[in-house]
Amino acid sequence: MRESAVQRHDRLLTLVREHGTARVTDLAARLGVSPLTIRRDVETLTRKGLVERAHGSVSWPRPRTGEAGAGGAGATPVLGLLAPSATYYFAEVIHGAHEAAARAGARLVLRISDYRPEGDRARAEGLLAAGAEGLLIAPGWRDRADPAEYGGWLAGLPVPAVLLERTAAPGGPLAALDRVCSDHAHGVLLALRHLAGQGHAAPVLVARADSPTALAVRTGYDEALRALGLELPHPVIDAPAGGDPEGFERGVQALWTAVTAGRVTAALVHNDVDAIQLVQRLAELGVRVPGELALVAYDDEVAALADTPLTAVAPPKREVGRLATELLLERLRGRAGGGAVGCPEGGRPGGAGDGTGGRAEPAPRRHLALLPRLRVRASCGAAEARAARG
């Protein structure tokens, strides 16, 4: 199979990183392509700041004067970010990471997996070849079996890494990794508690099952019902991913039947796009939101733009990216300062009187769970209820 430009770029970067400086003609011979192709590759990589070129040669970027990073005073830290998408939910995560990296004088290099976890390891290796000293990783997992099938390599990374919006099984090989996540169970609880406070019986859940967030919402729904003492009003209604109009219509019909039969008066829908399309289709069938059905969406990416603005749970996506980047930079600074952060358990220097006899004491890993917010709009009927009480 023909090598892609991205794969060739990774090999080129690996060669330049190993040798410090390489001639264009030598790179062309090593990579088996024409010098013209290498010159084009070098131009692309130079624009991205990944290499420097001069007089027929290519060099690894030199540290920028006055910038402090993982390599010590004067070094510019390079961070790699692997995300399943650069749009919708993860656009905000990436923005938060980029802002934090820029404030610290670090350079962020991005790779996208398009939710294909089988290629995550190769993409991470590409980031390392591009000079990444630490990794922010949101694997492209889609179902519950993916971490076990495609995630084992994460435990053997040679650089510090932080998981983004992903959790790991307790006691498993990935449990010791740093991670920063939204607490989706808390977000679901906020939604159900709000709808119950509006006088509704237990809301029905309409949700996908094709991403870790969707699976966490489903798990959080069961937990929230128990915490609030509510009975399951209706089996969870599946909302298939885009491209399955028949499956979507089955979900619409199931919800329409439950509402018109009087069994359901409120719903939590994951995600915003599905919620907007659901409201439009229900209106065609004579069910109005919030008249006959109070509705809360989950994600709050485009919920406010619906004809009837949707109340929505808003995970702190930008803060996830920011805090994960700050944590990774802290790990890199610790490693540069002589600690053992690069070890499997991390570390910091021991000293006299600390009970370690001068040995490096492992620094605790962190599992940060950030709480979503509920943004109340018209779709849950809260505005009408407040006006009536007015």
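I count two strands as paired if DSSP finds at least two bridges between them. The model I am working from is predicted.

**Entry 1: the sheet**

I started with strands 9 and 11. How many bridges join strand 9 to strand 11? I found four, between residues 204-207 and residues 266-270, and the two strands run parallel. I looked up one partner: Leu205 is bridged to Leu268 in strand 11.

Six strands make up an open sheet, in the order 10-9-11-12-13-15. Its pairing is mixed. Strand 10 (237-238) and strand 15 (373-375) are the edge strands, and each pairs on one side only.

**Entry 2: helices on the sheet**

Next I checked which helices pack here. Helix 7 (residues 184-197) packs on the sheet and touches strand 11, strand 12 (294-298), strand 13 (311-314) and strand 15. I noted its direction at about 165 degrees to that of strand 12. Helix 8 (residues 212-228) also packs on the sheet, touching strand 9, strand 10, strand 11 and strand 12. The direction of helix 8 makes about 170 degrees with that of strand 9.

**Entry 3: cis peptide bonds**

I went through the peptide bonds. Most are trans. The bond between His270 and Asn271 is cis, with omega about 15 degrees. Asn271 sits in the loop between strand 11 and helix 10 (272-284). A cis bond also joins Val289 and Pro290, with omega about 10 degrees. I placed Pro290 in the loop between helix 10 and strand 12.

**Entry 4: positive phi**

Most residues other than glycine have a negative phi. His55 has a positive phi, near 55 degrees. I found His55 in the loop between strand 2 (52-54) and strand 3 (57-59). Glu165 has a positive phi too, near 50 degrees. Glu165 lies in the loop between strand 7 (161-164) and strand 8 (178-182).

Is His55 buried or exposed? The relative accessible area of His55 is 82%, so I call His55 exposed. Glu165 has a relative accessible area of 7%. The cut-off for buried is under 20%, so Glu165 counts as buried.

**Entry 5: around Glu165**

What does the buried Glu165 have for an opposite charge? I found no salt bridge; the nearest side chain of opposite charge is Arg166, 6.2 Å away. I turned to polar contacts. The Glu165 side chain makes one with the side chain of Tyr89, at 2.7 Å. The side chain of Ser182 also makes a polar contact with that of Glu165, at 2.7 Å. Leaving aside neighbours within four places in sequence, I listed residues in contact with Glu165, among them Phe90, Val180, His184 and Val320.

Notes: Residues numbered from 1 in each chain as written. Predicted model: local features only at pLDDT ≥ 70, side-chain atom pairs only at ≥ 80, totals over all residues. Heavy atoms only, no water. Buried < 20%, exposed > 50% of the residue type's maximum accessible area, 1.4 Å probe, protein only. Lys, Arg positive; Asp, Glu negative; His and termini not counted. Salt bridge = Lys/Arg side-chain N within 4 Å of Asp/Glu carboxyl O. Polar contact = N/O pair within 3.5 Å; in protein donor to acceptor, adjacent residues only side chain to side chain. Contact = heavy atoms within 4.5 Å. Axes fitted to C-alpha atoms, helices over the stretch in contact; angles between N-to-C directions.
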